[in-house]
Amino acid sequence: MRSIWNGSISFGLVSIPVKLMNATENHAISFRQIHLADGGRIRYRKVCELDEEEVPPSETVKAYEDADGTVIPVTDEDLASLPLHTAKTIEIEGFVPASAIDPLQLDSAYYLSANGVPAAKPYALLREALRRSGKVAVAKYALRGRERLGMLRVVDDVIAMHGLLWPDEIRAPEGVAPDAGVKVRDAELDLADALMNTLGDADMETLHDDYREAVEELVAAKAAGEPVAEEEAEEPGGKVIDLMAALESSVRAAQESKGDAEGGKDADVHPIEGRTPRSGASKGTARGSGGKKAAQTARKKAPAKKAPAKAAAKKTAARRTTAKKATAKKSAAKKTASGTRKRTSA
């Protein structure tokens with residue numbers, strides 16, 4: 001990995017030379033803008049709004065705009081002269097349990113590598129101290145022109161650092177929560193728990209970016225001059241009319257899906273006692289993802305009713321044939337007896 005910053009960790013009076021490397025990478029597909037008519041690249045140039053002339057990077061500097069519109073130039077030399085202790089040092093401020101860090105504060109992630117042989121021992125010391133304490137270190141550091149807050153923790157045998165947002169950069173969730181008058185019944189919670197248990201744990205290693213793969217296939221097809229395959233997009237879920245019916249259908253669909261994955265075991269799902277889903281609720285549920293899957297699975301597994309109907313028709317026809325034969329025999333017997341009586345009387 002290529003380091004993006006060299007400095008040291010300040011752990012009391014102990015200084016640990018380290019290199020900072022990105023722990024993540026972006027796999028998103030990047031696009032360029034072109035002129036559709038001729039395929040020419042669209043480029044952005046820095047132009048001065050006063051003389052409308054393009055300005056080279058060597059003549060471009062940062063500036064701070066005051067509230068009254070006054071522009072104050074700030075050069076790199078001005079910033080470098082600031083007495084910033086964290087410019088080349090990750091200063092540990094203290095240690096807290098990992099649960100004390102709000103996940104909303106998490107930002108970028110980095111790996112810290114010992115820079116040189118002499119740094120190996122103090123690096124390992126800090127790593128093992130963090131591991132044994134079960135805590136994380138909170139530190140300050142400077143990167144890309146600003147001082148930042150960081151969290152140091154152990155990942156395998158490496159010290160990782162997560163950039164943190166400052167506490168005052170986290171917005172309060174005002175006006176985001178639903179109205180306080182919304183009530184959730186115990187039966188609804190029970191079904192939600194059943195759905196969570198049925199879906200089980202998420203396998204993080206198997207998750208991948210389906211959209212990126214679709215874009216790659218699209219680009220490959222267009223490059224080869226092949227027609228682009230179009231898939232029908234699923235209709236977005238409509239308004240759920242009956243929450244209980246939606247939960248029941250979701251649990252049923254999840255259990256059937258899990259049963260198929262485990263070898264075709266039949267799911268055993270019972271509705272809540274004392275309630276029968278309305279027809280409108282069934283329709284509303286079918287629009288949701290759980291109801292849709294349940295309806296599709298039910299159609300696939302529904303037994304055919306044609307065979308019983310045919311069997312019943314055959315039995316009815318047999319009974320009618322037997323009745324006709326019996327009637328014919330009786331009629332023939334009557335005629336024979338009548339003829340015999342006539343000959344006798346004569």
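1. A polar contact is a pair of N or O atoms within 3.5 Å; within protein, one must be able to donate a hydrogen and the other to accept it, and residues adjacent in sequence count only if both atoms are side-chain atoms. That sets up the start of helix 4, where a side-chain oxygen of Asp209 comes within 3.1 Å of the backbone nitrogen of Tyr211.

2. Before going on: this is a predicted model, so local features need pLDDT of at least 70 and side-chain atom pairs pLDDT 80 or more, while totals for chains, interfaces and linings use all residues. Numbering runs from 1 along each chain as its sequence is written, and side-chain values use heavy atoms, with hydrogens and water left out.

3. Helices (H or I, at least four residues) and strands (E, at least two) are DSSP runs, numbered from the N terminus. Just after helix 4, Gly225 has a positive phi of about 75°.

4. Thr89 sits in strand 5, residues 89-97. Thr89 counts as buried because its relative accessibility is 17% (buried is under 20% relative accessible area, exposed over 50%, partly exposed in between; 1.4 Å probe, protein chains only). Neighbours within four places aside, Thr89 is in contact with Trp5, Ser8, Ser10, Lys140 and Tyr141 (contact: heavy atoms within 4.5 Å).

5. Over in strand 8 (residues 146-155) is Gly150, buried at 0% relative accessible area. Not counting residues up to four places away in sequence, Gly150 touches several residues, including Ala137, Tyr141 and His162.
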